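Biologist: Please take me through the surface, the helix packing and the charged pairs of this protein.

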Amino acid sequence: MNNQVTTKERNTYIFAAAGQGAIYAMISSWLLIYFTDVLALEMAFVMGLMWFAKILNAFADPVVGFIVDRTHTKKGKMRPYLKYSPFIISLLSILVFVNWHIESQAWRCIYVGVTYVAWGIAYSVADVPLWGLPCAMTQNAEERDRLFSLAKFLNAIGGALPTVVVSLLMSDKILGLEKGIFFSAIGIVVISCVPFGLVYPNIHEKAFAEGATTQNVPILTQMKLITKNKILILVIISGILGFGRYLLQAAYAYAAKYVFFADIEFIESFKQVIGFAVIGIGMLPTMLLTPKLVKKYTYKWIMIYSGVLGAIIMGAFYVVEQFTDYNFYWAVFFLLLSGLPLGVLNIAVTSIVGECVDYLEWRHNIRLEGMTASMSTFMAKIGNALSAGLIPMILLVVGYVENQEQTVYTKNAILMLISLLPAASLLLSIIPMFFYDFVGDKRDKAMKELEERRAQIKDASIQDAVESQEAPQT
């Protein structure tokens, strides 16, 4: 099939993904340690808030997906929700990092609870349409996969920005933890909201076959169709079981601060930025390589092999650190290696959603881009919620005390959060993918039938238009 996405649309989309990634990484990487080590909130409250807010955010995604699929305007079904939401998210992304120096613990909890929950709901309104757009921008599966891959690559680049910037500025030699995080949030949000906000005026959704319209499909019917999308269900289960891949970056801030040691003062001062940087460096080559791997192998086996490789690397990470007494240089080596499979999974878990949209259209002649994209973001946010809630729960159990030297027992628990738990999670995530069968001849046959069906509907629409113009006027 011919390419259907212009250069301007492609560049707008991938840089918007970079902006979105930077904003999300600012929240996911630094909000937890900001709550515990700056605002000094009770660990039990932080754990409860993380689980509640993230799970609420996750379940908001299918609601947004349903609304998106029932939206039919001249601007499309996705774009209208990206007109104002990037700017609302940007404002809330700054407000969650404002320390008003409220003396009352209860009122501090109320403030962060309200702003963080509001941020999550606003994020859903933009997140689902943004990641559903490639399925509405082109019917060409290869072009869509390239667009997803480029977007996720730039999304990861954008996501690396907060980790590097904050890690530098939070050093006691520069701004310190509180000011480093706060001023980084302002700068990153201001820079990121610009490309994120350019999606609405610069991207166009293409018209799809009338037989696949979703305007009048009831929500119960949509949910029923989703449950019939066997391969999507398998991907969702795999993604949720693989929640441990989010632990590495979410918990590394604690590991760098309290676990690893370096014998050079400069390196010791910048363990945060070095660790986050090498994770990103490890992810980049495999993210670039994944689109080429997809042409040779299927998403199924790419995800299975990546899960096994990640489990081996992270398991070895824990063992080696035990024998080297938390040596930072060995940690850097394993953080770099850990990024390799995570880079593949970062692309594959998102791109495979395009196949799920095609599969549903092939089986039931209906395209649920919004609802399917929402299931993908739902999966990611449930995984993120599990990891974000697990961290404070484990820290609470093992006796973590902020801004103090930790016991060996606590250090081992923090190390486990970035090694053994992700390893076990990745092994569990590969189990559902063994049942993923939309591969080989079956997939080729489906895509050929879809192409023929779309061509027939297009030809019929053109013929109807010609006949209507030739009909005598009364």
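Biologist: Which helices each supply at least two residues of the nonpolar patch?

Modeller: This is a predicted model, in which local features need pLDDT of at least 70 and side-chain atom pairs pLDDT 80 or more, while totals for chains, interfaces and linings use all residues. Numbering runs from 1 along each chain as its sequence is written, and side-chain values use heavy atoms, without hydrogens and water. Patch residues have over 30% relative accessible area and no salt bridge, with nonpolar side chains joined within 5 Å. Helices are DSSP runs (H or I, at least four residues) numbered from the N terminus, and the suppliers are H9 (230-241), H13 (299-323) and H17 (420-433).

Biologist: What accessible area does the nonpolar patch have together?

Modeller: Its members include Ile237, Trp301 and Phe435; isoleucine 237 lies in helix H9. By the Shrake-Rupley method with a 1.4 Å probe, the patch has about 790 Å².

Biologist: How are helix H5 and helix H12 oriented, roughly parallel or roughly antiparallel?

Modeller: The axes of H5 (residues 141-169) and H12 (residues 271-296) come within 9 Å and cross at roughly 175°, on a scale from 0 to 180 degrees between N-to-C directions. Because angles over 145 degrees count as such, H5 and H12 are roughly antiparallel.

Biologist: Which residue forms a salt bridge with lysine 381?

Modeller: A salt bridge is a side-chain nitrogen of Lys or Arg within 4 Å of a carboxyl oxygen of Asp or Glu, and the count comes to ten. In this pair the closest N and O atoms are 3.1 Å apart. The partner of lysine 381 is aspartate 61.

How values were computed: Parallel < 35°, antiparallel > 145°, perpendicular 65-115°, else oblique. Patch = residues over 30% accessible without salt bridge, like charges linked within 9 Å, V, L, I, M, F, W, Y side chains within 5 Å.
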